[in-house]
Amino acid sequence: MTVSVLDIRQLNKSFGEGDETKHVLDGIDLQVQEGEIVSIIGPSGCGKSTLLKIVAGLDADVDGEVLLDGLRVTKPSVEKGFIFQEHRLFPWLTVERNIAADLNLRDPAIRLQVNRLIELVKLGGFEKAYPKQLSGGMSQRVAIARALLRNPKVLLLDEPFGALDAFTRSHLQEALLDIWRENRTTMLFVTHDIDEAVFISHRVVVLDPRPGRIKTIVPIDLPFPRKRTNRTFQELRAYVLQALEKSGSDKEDYEI
């Protein structure tokens, strides 16, 4: 029996007051099951990042509710890992200390977990390196490991590979799926990239623009590992593209 870890119910979000009110999200209903990867895709300004921040507990001024394991989300917590487009590492700390952050690396249990995660994100040999010595892709691997160290119930990713070149992005997509196979971490993943959404997700949620409403939810019924040249993959990719075009999105708003 599948278990709904994340339950978003009739979520509405607006900014401003009176004539200056800007409606960002309108009636978002979404359930994410345990161990599921769900991607959110849509044009710029449709509220994708705002939705992620609300789920993270960074914005509680909303109508509707977000439940995590049946409890209402009202503030940030270690149960929700958040990975931004920028890695946001501490430049004065090494890789291993960036991963541990405020935890005591001298604790044998913490040290063991940090070492395991370094191997999981394939950064063995770079434990003592500083962020300035890392590529953008390696820095994002550190950010992912840091989020996973807290063993979050849901990992929230806001276009984490958007600033990377296509080759590095492809490798990190594979790395993320390796992590999922190891931990079965529940993920909510915001992206502009149709190919990326189909490649990593169990379901792709397409949002209408301004205000953000769920246009359609596309199940990605393909086994892992996936091949982009697979005919069914290409058909699903085309279906998501068609849904975006029907939502009124401009092609400049997403990657195809």
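**Exercise 1.** Which residue in strand 2 does Ser4 stand opposite?

*Solution.* The model is predicted: local features need pLDDT of at least 70, side-chain atom pairs count only at pLDDT 80 or more, and totals for chains, interfaces and linings use all residues. Residues are numbered from 1 along each chain as its sequence is written, and side-chain values use heavy atoms, with hydrogens and water left out.

Step 1. Strands are DSSP runs of E with at least two residues, helices are runs of H or I with at least four, and both are numbered from the N terminus. Two strands pair if DSSP finds at least two bridges between them.

Step 2. Strand 1 (residues 4-15) runs antiparallel to strand 2, and eight bridges join them.

Step 3. Opposite Ser4 stands Gln33 of strand 2.

**Exercise 2.** Determine the strand order of the open sheet and its edges.

*Solution.* Step 1. Strand 1 also pairs with strand 4 (residues 63-68), antiparallel, over five bridges. In this pair, Asn12 has Asp63 of strand 4 as its bridge partner.

Step 1. Two bridges link strand 4 to strand 5, again in the antiparallel sense; here Leu68 is partnered by Leu71 in strand 5.

Step 2. Strand 2 (22-33) and strand 5 (71-72) are the edge strands, each pairing on one side only.

Step 3. The hairpin of strand 4 and strand 5 has two residues between the strands, and Asp69 in the turn has a positive phi of about 50 degrees.

**Exercise 3.** Is Ala166 buried or exposed?

*Solution.* Step 1. Ala166 lies in helix 5 (residues 166-183).

Step 1. Buried means under 20% relative accessible area, exposed over 50%, and partly exposed in between (1.4 Å probe, protein chains only).

Step 2. Ala166 has 64% relative accessibility, so it counts as exposed.

Step 3. For the chain as a whole, buried residues make up 51% of the 256 residues.

**Exercise 4.** Compare the radius of gyration of the protein chain with the value for a compact globule.

*Solution.* Step 1. The radius is taken over C-alpha atoms, and the globule rule is 2.2 Å times the number of residues to the power 0.38.

Step 1. For 256 residues the rule gives a value near 18 Å; the chain has 18 Å, so the two agree.

Step 2. The C-alpha trace spans about 55 × 45 × 40 Å along its principal axes.

Step 3. Among contacts (heavy atoms within 4.5 Å) with a separation of 6 or more, 68% join residues 24 or more positions apart.
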